[in-house]
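Hi everyone, thanks for making time.

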Amino acid sequence: MATFQLDINNSKHKVEVNEGTSLLWVLREHLGLTGTKYSCGIGQCGACMVHIDNQPVRACLLQVDNYADGQKIKTIEGLSQNGDHPLQKAWIEAQAPQCGYCQSGQIMQAVGLLETNPNPTREEIKAHMNGILCRCGTYLRIIKAIELAAKTPTSIEK
């Protein structure tokens, strides 16, 4: 066992886990941040998407050892205290979720897009969201939600 210091959602966390433990399991099992989902476990679906230093990454592929040196990790819980992030509000307005399982990964990927491109075209949204799988097929509502959030005057915070 090794001890790691992690900066998650602007809070410092100390965890004691085996080296090589995936970041996803540390988030879910050791810190109780269950908004980040486990799905395929091989980085193919994107349900486990988090941000590291403002870049969307798949947590199931990452080892905690590599992210304990001051990098900032953001999970879906870190977007807002009460679910009022513009994308979360747009998700509800567009009724994007169906089963909801992939939604935190979808939202984290979409935040990454709007932080770098606040006014994406529909084609840019499709290209950026490609590879984040939704087994319910709510892709059109997800695109609508991203378009709604992009029109929100408060914009996406960095």
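Let's start at Tyr139, which sits in helix H5, residues 139-150. Helices here are DSSP runs of H or I with at least four residues, strands are runs of E with at least two, and both are numbered from the N terminus. Before I go further, this is a predicted model: local features need pLDDT of at least 70, side-chain atom pairs count only at pLDDT 80 or more, and totals for chains, interfaces and linings use all residues. Residues are numbered from 1 along each chain as its sequence is written, and side-chain values use heavy atoms, with hydrogens and water left out.

Back to Tyr139. Its relative accessible area is 37%, so Tyr139 is partly exposed. For that label, buried means under 20% relative accessible area, exposed means over 50%, and partly exposed is in between, with a 1.4 Å probe and protein chains only. What does Tyr139 touch, leaving aside its neighbours within four places in sequence? The contacts are Gln106, Ile132, Leu133 and Cys134, where contact means heavy atoms within 4.5 Å. Leu61 is another matter: 78 residues away along the chain, its C-alpha atom is separated from that of Tyr139 by 24 Å.

Now please turn to helix H2, residues 86-93, where Pro86, Leu87, Gln88, Ala90 and Trp91 are buried. The cover over these buried residues includes helix H3, residues 103-116, and H5.

Let me pick out Trp91 in helix H2. Is Trp91 buried or exposed? With a relative accessible area of 3%, Trp91 is buried. Leaving aside neighbours within four places in sequence, Trp91 is in contact with Ala96, Pro97, Gln103, Gln106, Ile107, Ala110, Ile142, Ala145 and Ile146.

H2 is followed by Gln95, which lies in the loop between H2 and H3. Phi of Gln95 is near 50 degrees, a positive value in a residue other than glycine. Gln95 has a relative accessible area of 55% and is therefore exposed. We also have Asn10, in the loop between S1 and S2. Asn10 is not a glycine, yet has a positive phi of about 65 degrees, and at 68% relative accessibility it counts as exposed.

Next, helix H1. Here Leu23, Leu24, Val26, Leu27 and Arg28 are buried, and the buried residues of H1 pack against strand S1 (2-8), strand S2 (11-17), S3 and strand S5 (72-74). Beyond its neighbours within four places in sequence, Leu23 is in contact with Val50, Ile52, Ala59, Leu62, Gln63, Val64 and Ile73. The C-alpha atoms of Leu23 and Tyr67, 44 residues apart along the chain, are separated by 8.1 Å. Just after H1, Gly32 takes a positive phi of about 70 degrees.

On to the aromatics. How many aromatic pairs does the structure hold? There is one. It joins Trp25 and Tyr38: the ring centres are 5.1 Å apart and the planes are at 35 degrees, so the pair is tilted. Rings of Phe, Tyr and Trp (its six-membered ring) pair if their centres lie within 6.5 Å, and planes under 30 degrees apart count as stacked, over 60 as edge-to-face and the rest as tilted. Trp25 is in helix H1 (residues 23-30) and Tyr38 in the loop between H1 and strand S3 (49-52), 13 residues apart, so to speak of this pair is to speak of a link between distant parts of the chain. Trp25, at 33% relative accessibility, counts as partly exposed, and Tyr38 does too, at 35%.

One last stop: Arg135 lies over the face of Tyr101, at 5.0 Å from the ring centre. A charge sits over a ring if NZ of Lys or CZ of Arg is within 6 Å of the ring centre and within 35 degrees of the ring normal. Thanks, everyone!
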